[in-house]
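Colleague: I would like a close look at a single part of this model. Please keep to the geometry.

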Amino acid sequence: MNSGQDRVLRGRLVTGQPAADILDGGAIWLAGDRIEWCGPASELPAWSPQDVEEVPVILPGLVDLHCHGGAGHTFSADPDGARAAAVHHAANGTTSLVASLVSAPAEELLAQIEVLRDLVDDGTLAGLHLEGPFIAADMCGAQNPAAIIDGDPALLRQWLETGRGTIRSLTLAPETAHFDELVSLCRQHGVVPSVGHTAATAAQMRAALEHNPGGTWSATHLFNRMPPLDHRRPGPIAVLLETARRAPDSMVLELIADGAHLHPDTVRMVFGLVGADGIALITDAMAAAGMSDGDYTLGTLDVEVRNGTARLASPDGTAGAIAGGTSRLLENVRRCRDWGISLADAVAAASSTPARLIGNDDVGMLSPGRRADVVVASDELEVLQVYRSGALRQPAPKERS
């Protein structure tokens, strides 16, 4: 029966499980901050039809593992701006968000960690991701090359201890100094090492993985800022694809399916080869997510957003490197669906797979006992309602013009 705080939604139910059947007549029962029941509406217990809300599509709250900001704010040592960015993404369907920090001087990163760890502790953020500075300078992309340094285990230990368990992942290049020690520190602190921003050969990537067995890995935005997949010089991509296909429990590949970073055929290829349980859709969003075209910053670098694509500003006006994304995660799910990827797989890659990667079994899937994070969407996958821990969030703002 309805307790007064409970809510039942009935519609097309997408649970977040890869390759799972979509229930056209599904229902979900939210009781407080938990999911009480989920399944075919015909089997819904103890509810009167007039107490059930009819909605088009029901999705799990999405999980973005790689996001630098949004709504005009960048994740940094500014807690109010970081909170505003997280709230914006939550209102657009991403109820679990990992804040990504670009390479910066050691003390600056330390200050950012000290501020943002509190937002993880209070539930605003799902964790922190350090995208450097132990990466390849010639593959830095939209990061300041002056901030990139050789691998330093003592420095990483300081950051991890300061983070007090809030750091979820670290991007590092296999060719950086002390790579094995850095990976070992990650394992000790429950941090997922994510290989990326690298010029590694296939042999270097394979050796890096084989010398450090027994743990979970990810690949930071596969294809972007790493050597291309060539038929004679396969580079790291071939090894990463092979590893994820063989053992998705040990390797998850990030993909930015925003139409700018990757061609739709490339995204379809990876889903076909690896499957949704080896893919985490991410936004790599920066401050311009949800905003209009204009001038922004990423770290210390100036960024120009034109026609929704962010690029580093250049003195001569030529197009610079792509500088993160401007989308929200549900938009990328919708693109994948429109590109021919099954809705069940696209949703799983944006919910259950990333949640599993960071060891959070309380979110990312619609099933009894889990946190009541739910997105109600239209048939076109536009956000209608967002519930986080069973509470209805403020309606998502209108799409940017």
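Colleague: At what angle do α2 and helix α3 (residues 153-163) pack, and how far apart are their axes?

Modeller: This is a predicted model, in which local features need pLDDT of at least 70 and side-chain atom pairs count only at pLDDT 80 or more, while totals for chains, interfaces and linings use all residues. Residues are numbered from 1 along each chain as its sequence is written, and side-chain values use heavy atoms, with hydrogens and water left out. The angle between α2 and α3 is about 20°, and their axes lie 9 Å apart; axes are lines fitted to C-alpha atoms over the stretch in contact, and angles run from 0 to 180 degrees between N-to-C directions. α2 is therefore roughly parallel to α3, a term for angles under 35 degrees. Helices here are DSSP runs (H or I, at least four residues), numbered from the N terminus. The α2/α3 crossing is right-handed, that is, the near helix is turned clockwise from the far one by less than a right angle. On the α2 side, Ala 106, Leu 109, Leu 110, Ile 113, Glu 114 and Arg 117 make the contact; on the α3 side, Leu 155, Gln 158, Trp 159, Thr 162 and Gly 163 do. Contact means heavy atoms within 4.5 Å.

The largest nonpolar core has 80 residues. Such a core is a set of buried (under 20% relative accessible area, 1.4 Å probe, protein chains only) Ala, Val, Leu, Ile, Met, Phe, Trp, Tyr and Cys residues joined through side-chain atoms within 4.5 Å. Among the members touching the most others are Phe 75, Leu 125 and Val 333. Helix α2 (residues 106-121) gives the most to this core, with 6 residues.

Terms used:
Buried means under 20% relative accessible area, exposed over 50%, partly exposed in between (1.4 Å probe, protein chains only). Helices (H or I, at least four residues) and strands (E, at least two) are DSSP runs, numbered from the N terminus. Angles under 35 degrees count as roughly parallel, over 145 as roughly antiparallel, 65 to 115 as roughly perpendicular and the rest as oblique.
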